[in-house]
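Subject: Structure for you to look through

Hello,

Please find the structure below, followed by notes on what was found in it. Keep the 3D view open while you read.

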Amino acid sequence: MTRITLRRPDDMHLHLRDGAMLQAVLPESARHFARAIVMPNLVPPVVTGAEAAAYRDRILAALPEGMRFDPLMTLYLTEATDPEDVAAAAASGLVKAVKLYPAGATTNSQSGVRDFDKVRGVLERMAGIGLPLCVHGEVSDPAVDIFDREAVFIDRVLDPIRRATPGLRVVMEHITTREGVDYVRSGSGDLGGTITTHHLVINRNHILAGGIRPHYYCLPVAKRETHRLALRAAAVSGDPRFFLGTDSAPHPDHLKEHACGCAGCFTATNTMSVLAHVFEEEGALDRLEAFTSANGAAFYRLAPNGGTITLEKRGSAAVWPDKITGGAGPVTVFNPGFPVYWHVTT
């Protein structure tokens, strides 16, 4: 197969930032994706429905003329979140999910949750109205090894939350481990998992072996090769519980290439080409549309997109810029480390 046409895809986990950075990175997603679940971890975070509406307005104002893109908004869960505000924002159609960050787990998570008992009222209200909870699935306990934090989160936090809140719909975002894959598979239709492009491509050796490569550093950090292969198997399986969430996260180079570098890979520019390469390697091009364009929409109870995109395999490798110009400096585009011959043509 050298040509494939898909429903226009959705990115079910995307960081767009704000201000000048938003203006720089938004076209990179809107070029290929019809919609995206937009993360709320700005500074200050997007906590209320009014803040989400204002952020959506800023996103749409930054969209270049002629591009169509629907930002699907989320709220940042804090210990002071008002359940009624969440319910009203969901009822209006504005907010599609609430995001749980354990405090200190990742970029701009300082306002996240420390005492999970304090958010039980919000979670119970969400279960009652069917609003999904998106989770950054890592504990921030410094006593837990960074490579074990996802598995420990499942046991200590996520499973107890789900058992205590029947009916709560949960997306375990950017899963990185075989344990994460197995946990999602153990659930029913109320549990889903997003998988990023870069976690299908890199393992922890890519970050650390032969020198530190900061542009491969992300959170959750890439794990052993056995975990990468488990993610690949899940992504190409056609199982509707797994779907694309790129977690594309732009940081200017001077903050990545730093003594305490920021976590995040910027994959918006080349995700679809890289995914076609991965799915072809796995003999599963016929399941690419389910992963990128169908499963996530179904979980979020959205109609499939009406438009299409076409990818074509050519004799020459696809070329994309090494960097884009961001608000605070250049942002490096994810380099998969191998030539990719799939081109997005329409």
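In what order do the three strands of the open, antiparallel sheet stand? The order is E1-E10-E13. Please keep in mind that this is a predicted model.

**The three-stranded sheet**

Strands of a sheet pair through backbone hydrogen bonds, in either a parallel or an antiparallel way. In this sheet the pairing is antiparallel. The edges are taken by strand E1 (3-7) and strand E13 (342-344); each has a single partner strand, so one side of each has no neighbour in the sheet. From one strand to the next, the twist averages 25°. Strand E10 (residues 308-313) is joined to E13 by three bridges. To find this pairing in the viewer, look for Glu312, whose bridge partner in E13 is His343. Helix H10 (residues 271-281) lies across E1, E10 and E13, and runs at about 145° to E13.

**The eight-stranded sheet**

There is also an open sheet of eight strands, and here the pairing is parallel. Its order is E2-E3-E4-E5-E6-E7-E8-E9. Strand E2 (10-14) and E9 are the edge strands, each pairing on one side only. The twist in this sheet averages 25° from one strand to the next.

E2 is mostly covered, as five of its five residues are buried. E2 runs parallel to E3, and three bridges join the two. Asp11 stands opposite Ala36 in E3. Strand E3 (residues 35-38) also pairs with strand E4 (residues 70-76), in the parallel sense and over three bridges. In that pairing Ile37 stands opposite Leu72 in E4.

**Nonpolar cores**

How many residues does the largest nonpolar core have? It has 91 residues. Leu16, Leu77, Leu100, Met126, Leu133, Ile195 and Phe279 have the most contacts inside this core. Take Leu100 as an example: leaving aside neighbours within four places in sequence, its contacts include Leu77, Val113, Phe116, Leu133 and Ile161.

**Aromatic rings**

The model has six aromatic pairs. In one of them, Phe243 and Phe299 are tilted, with 5.8 Å from centre to centre and 35° between the planes. Phe243 lies in strand E9 (residues 242-244) and Phe299 in helix H11 (residues 288-299), so this pair ties together parts that are 56 residues apart in sequence. Phe243 and Phe299 are both buried.

Why is the pair of Phe243 and Tyr300 called edge-to-face? The planes of the two rings stand at 75°, and planes over 60 degrees apart count as edge-to-face. The ring centres of Phe243 and Tyr300 are 6.5 Å apart. Tyr300 is in the loop between H11 and E10, 57 residues from Phe243. Phe243 and Tyr300 are both buried. Through these ring pairs, Phe243, Phe299 and Tyr300 form a cluster.

Two arginines lie over ring faces. Arg169 is over the face of Phe299, 4.5 Å from the ring centre. Arg204 is over the face of Phe147, 4.6 Å from the ring centre.

**Backbone exceptions**

Most residues other than glycine have a negative phi, and most peptide bonds are trans.

- Val43 and Pro44 are joined by a cis peptide bond, with omega about 0°. Pro44 is in the loop between E3 and helix H2 (49-62).
- The peptide bond from Leu219 to Pro220 is cis, with omega near 0°. Pro220 is in the loop between helix H7 (204-208) and helix H8 (225-235).
- His174 is not a glycine, yet its phi is positive, at about 35°. His174 sits in the loop between strand E7 (170-173) and helix H6 (178-186), and counts as buried at 1% relative accessibility.
- Asp247 is not a glycine either, and has a positive phi of about 55°. Asp247 sits in the loop between E9 and helix H9 (253-256), and counts as buried at 7% relative accessibility.

**One more residue**

Is Arg120 buried, partly exposed or exposed? Arg120 is partly exposed, with a relative accessible area of 28%. Arg120 belongs to helix H4 (residues 120-129). The C-alpha atoms of Arg120 and Val25 are separated by 35 Å, and the two residues are 95 apart along the chain.

Regards

Notes:
Residues are numbered from 1 along each chain as its sequence is written. This is a predicted model: local features need pLDDT of at least 70, side-chain atom pairs count only at pLDDT 80 or more; totals for chains, interfaces and linings use all residues. Side-chain values use heavy atoms; hydrogens and water are left out. Two strands pair if DSSP finds at least two bridges between them. Helices (H or I, at least four residues) and strands (E, at least two) are DSSP runs, numbered from the N terminus. Axes are lines fitted to C-alpha atoms, for helices over the stretch in contact, and angles run from 0 to 180 degrees between N-to-C directions. Contact means heavy atoms within 4.5 Å. Rings of Phe, Tyr and Trp (its six-membered ring) pair if their centres lie within 6.5 Å; planes under 30 degrees apart count as stacked, over 60 as edge-to-face and the rest as tilted. Buried means under 20% relative accessible area, exposed over 50%, partly exposed in between (1.4 Å probe, protein chains only). A charge sits over a ring if NZ of Lys or CZ of Arg is within 6 Å of the ring centre and within 35 degrees of the ring normal. A nonpolar core is a set of buried Ala, Val, Leu, Ile, Met, Phe, Trp, Tyr and Cys residues joined through side-chain atoms within 4.5 Å.
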